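Student: Could we go through this model together, one question at a time?
Tutor: Gladly; have a look at it first.

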Number of protein chains: 2
Amino acid sequence: MPRPSNRDKILTEGLKVVHERGFASASVREIAQAAQVPLGSFTNHFASKEAFGLEILDLYYEQSHAALAATLLNDALPPLERVELYLDRTIAKLYDNDMRGGCLLGNFGAEVTDNCEAMRHRLIEIFEEIRQAFIHALRAAVTAGDLPADFDCEDTAGFMFAALQGAIMVSKTLRHDMPLQRYKRQIFGKILQ
Amino acid sequence: MPRPSNRDKILTEGLKVVHERGFASASVREIAQAAQVPLGSFTNHFASKEAFGLEILDLYYEQSHAALAATLLNDALPPLERVELYLDRTIAKLYDNDMRGGCLLGNFGAEVTDNCEAMRHRLIEIFEEIRQAFIHALRAAVTAGDLPADFDCEDTAGFMFAALQGAIMVSKTLRHDMPLQRYKRQIFGKILQ
């Protein structure tokens, strides 16, 4: 395996630092230190901190998309099981981080959107892709007869995505998964009926 | 009316700057400039940026609490109308800010909790107070017969608060109230049944 380039190290380690500390709070100096590269290496590889931010956003979304492909978009599984699996994976991932960090997408939505138009536009695209993955699973549930034929998949998918982001933010603040367990109960008990 | 003190000006104007730009992104220099006070005035009045952060959090929550008192906690109104009024006021407040800024409480939950334990603890208290205001309105709805006698007010209130935070974050990113309108439809159409 080839050694990772300084650029790759900055992206991989920088993503961790930003996820832990926030985008503005994570300084270029800390990112370079975490990546064990000289400070000048950052400016060699990235035109600006925003350019770096756009790349770690895509790097993070690669992982999120893999989770979507294995769950909501996975036509080999029964549709509503996919939803449950996606939520359980989301919860497990937060536990892996000791309930810290939350979701980088939601963090950027809260922290970065008003400061960087390019990152806001990329987030809008990503949010829509995740909503489409929810729509895909819900439509499959309608086809399978697990949801009524007139079920509003579009509206429900948008609600479920946004509500999940809120549950993740509150879970992160509490360092407890109760908000996510509540989310599961209300979604399966009321919304997906 | 007495002239506002430098301390008051830093809090009032600093809250606006932090709400617009994020906590880490808003520098002490920018805050002092916005308040039209010398830079040294900030350090005279606040032991640290975190100490300032705790005070603007309380200042912001004073306004949020006034909105709760006028809506969810307002026993003069029919219970479910209070919920609708609270959501409409939340949406109107976001429009007043051109759909920017979102909710400072959610922004701090996403950005600040992992960096400042004192602010995380204060946020937990505030989140719980808001959840209690939802519980108060939902219990009144049960008493009025607008919700079934076995309705789980505790669980639903926690879900509604967290989901609203997510809807606000996505609305802020999209600069559009569609996520909040979806929230209203799903809450009244499915959750509050």
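Predicted model: local features only at pLDDT ≥ 70, side-chain atom pairs only at ≥ 80, totals over all residues.

Student: How many helices and strands does the secondary structure of chain A come to?
Tutor: Helices (H or I, at least four residues) and strands (E, at least two) are DSSP runs, numbered from the N terminus. Along the sequence the pattern reads α-α-α-α-α-α-α-α-α. The count for chain A is therefore nine helices and zero strands.

Student: What rotation superposes chain A on chain B?
Tutor: The superposition is by least squares on the C-alpha atoms of residues with pLDDT of at least 70 in both copies. It gives an RMSD of 0.0 Å, with 0.0 Å of shift along the axis, for a rotation of 180 degrees. The two copies are thus related as by a two-fold rotation axis.

Student: Which residues lie nearest the centre of the largest cavity?
Tutor: On a 1 Å grid over the protein atoms alone, a cavity is a set of points where a 1.4 Å probe fits but cannot get out, and lining residues have an atom within 4 Å of a point. Helices H6 (104-111) and H8 (153-174) of chain A and of chain B each supply at least two lining residues. Of the 20 residues in the lining, those nearest the centre are Ala110(A), Met169(A), Gly106(B), Ala110(B) and Met169(B).

Student: Is the pair of Phe127(A) and Phe161(A) stacked, edge-to-face or tilted?
Tutor: Rings of Phe, Tyr and Trp (its six-membered ring) pair if their centres lie within 6.5 Å; planes under 30 degrees apart count as stacked, over 60 as edge-to-face and the rest as tilted. Here the centres are 5.0 Å apart and the planes at 55 degrees, so the pair is tilted.

Methods: Residues numbered from 1 in each chain as written. Chains lettered and ligands numbered in written order. Heavy atoms only, no water. 1 Å grid on protein atoms, 1.4 Å probe; cavity = no way out; pocket = protein on both sides within 12 Å on 5 of 7 lines; lining within 4 Å.
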